[in-house]
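Work through these exercises with the structure open beside you. Try each task before you read its solution.

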Amino acid sequence: MHAITIPEPGGPEKLVWDEVPDPVPGEGEVLVEVVASAVNRADILQRQGFYDPPPGASAYPGLECSGRIAALGPGVSGWAVGDEVCALLGGGGYAEKVAVPAGQLLPVPEGIDLVRAAALPEVVCTVWSNVFMVAQLRPGERLLVHGGSSGIGTMAIQLAKSVGAEVAVTAGTKEKLDFCAELGADVLINYREQDFVAEIERATGGSGADVILDNMGAKYLDRNVQALAANGRLAIIGMQGGAKGELNIGALLGKRAAISATSLRARPLGEKAAIVAAVREHVWPLLATGQVRPVVDRELPMPEAAEAHRLVEASGHIGKVLLVAP
Ligand SMILES: NC(=O)c1ccc[n+]([C@@H]2O[C@H](COP(=O)([O-])OP(=O)(O)OC[C@H]3O[C@@H](n4cnc5c(N)ncnc54)[C@H](OP(=O)(O)O)[C@@H]3O)[C@@H](O)[C@H]2O)c1
């Protein structure tokens, strides 16, 4: 088969579409013939040499895919050759075939095209596990989503609105904020021109955000704690603004607030399978009714992954950028 390989770390030009051995599905795994994959920030870090795949994962980039089951490994039940699926991966999505633990497979949701289904697993599992399983967002509460027009952000807005939460977002351009409003966002904050702490205070009559989904890490730590409501929950999923920050414990304590930080890729298989099962139960019905949809900026041929990485690094996209296998 062919896959995008990274012979040495560096810029997008280091991504090489090359012939490689086919993966063999092990115990409890299936072989998926990939139809599409999607670009995630983590793939860019992996290409640059800053984010090695976890032990046992494929060396090729790609944290999600859609496709058809081509073979079942030993001990797999409940799936059949030919089934159309999408899957959460530890790596290896930028390839014509990938071996996937059966617990990380999802059926293609009703009404969703097989290619576009590749836009779902990583964002749905990340948002569901952080905003709902950990931070326990409830109807009527207020969620602040940083990077509202990102792949993650576009899914967080839709899922939070579907449970009756109020949603505020930050983004860097008017066009991106307008798109977030179309998805249902109630409060729009241009982080280049406005102070999000002041804007959240204004929008909530001084009470703050109950939950914050944060991609920035250190750079926003202090201001995120300021923007939290009493009993608020800050869920950190990214470090685009650095990994080490100073925490005002007094401010956190005074609000009886909590901070969580998780990475989906590094979780044990059992935890990933539990998240996938929860997503199938709670989010798949919303996709089938059209209440929630994948947001796709564009589809590019998989061998042109370098072009897709340039686009995402320049933040020239809204939602997901897909890579379609030849
Ligand atoms: N922990 C996990 O398990 C996990 C899983 C998946 C993703 N993530 C993380 O989630 C984040 C989003 O991922 P993605 O794949 O959806 O990435 P993406 O589409 O590339 O989005 C990155 C976003 O960051 C925003 N941004 C940049 N500077 C900002 C600032 N100062 N304030 C607010 N937003 C800012 C960009 O907004 P503008 O374009 O408007 O500047 C853009 O929307 C990334 O940090 C990624 O690493 C974590």
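The exercises below cover a ligand site and a sheet.

This is a predicted model, in which local features need pLDDT of at least 70 and side-chain atom pairs count only at pLDDT 80 or more, while totals for chains, interfaces and linings use all residues. Residues are numbered from 1 along each chain as its sequence is written, and side-chain values use heavy atoms, with hydrogens and water left out.

**Exercise 1. Describe the shell around the ligand.**

Step 1. Find the shell: 27 residues surround the ligand. Among the closest are Gly172, Tyr191 and Tyr220.

Step 2. Sort by class. The shell has eight nonpolar, 15 polar and four charged residues. Here Ala, Val, Leu, Ile, Met, Phe, Trp, Tyr, Cys and Pro count as nonpolar, Asp, Glu, Lys and Arg as charged, and the others, Gly among them, as polar.

Step 3. Helix H2 (121–134), helix H3 (151–162) and strand S9 (166–171) each supply at least two of its residues. Helices (H or I, at least four residues) and strands (E, at least two) are DSSP runs, numbered from the N terminus.

**Exercise 2. Trace the six-stranded sheet.**

Step 1. Read the order: S10-S9-S8-S11-S12-S13, an open sheet with parallel pairing. Two strands pair if DSSP finds at least two bridges between them.

Step 2. Find the edges. Strands S10 (187–190) and S13 (258–261) each pair on one side only.

Step 3. Inspect one pair. S11 (residues 209–214) and S12 (residues 228–236) run parallel over five bridges. Val211 stands opposite Arg233 in S12.

How values were computed:
A residue is near a molecule or strand if one of its heavy atoms lies within 4 Å of it.
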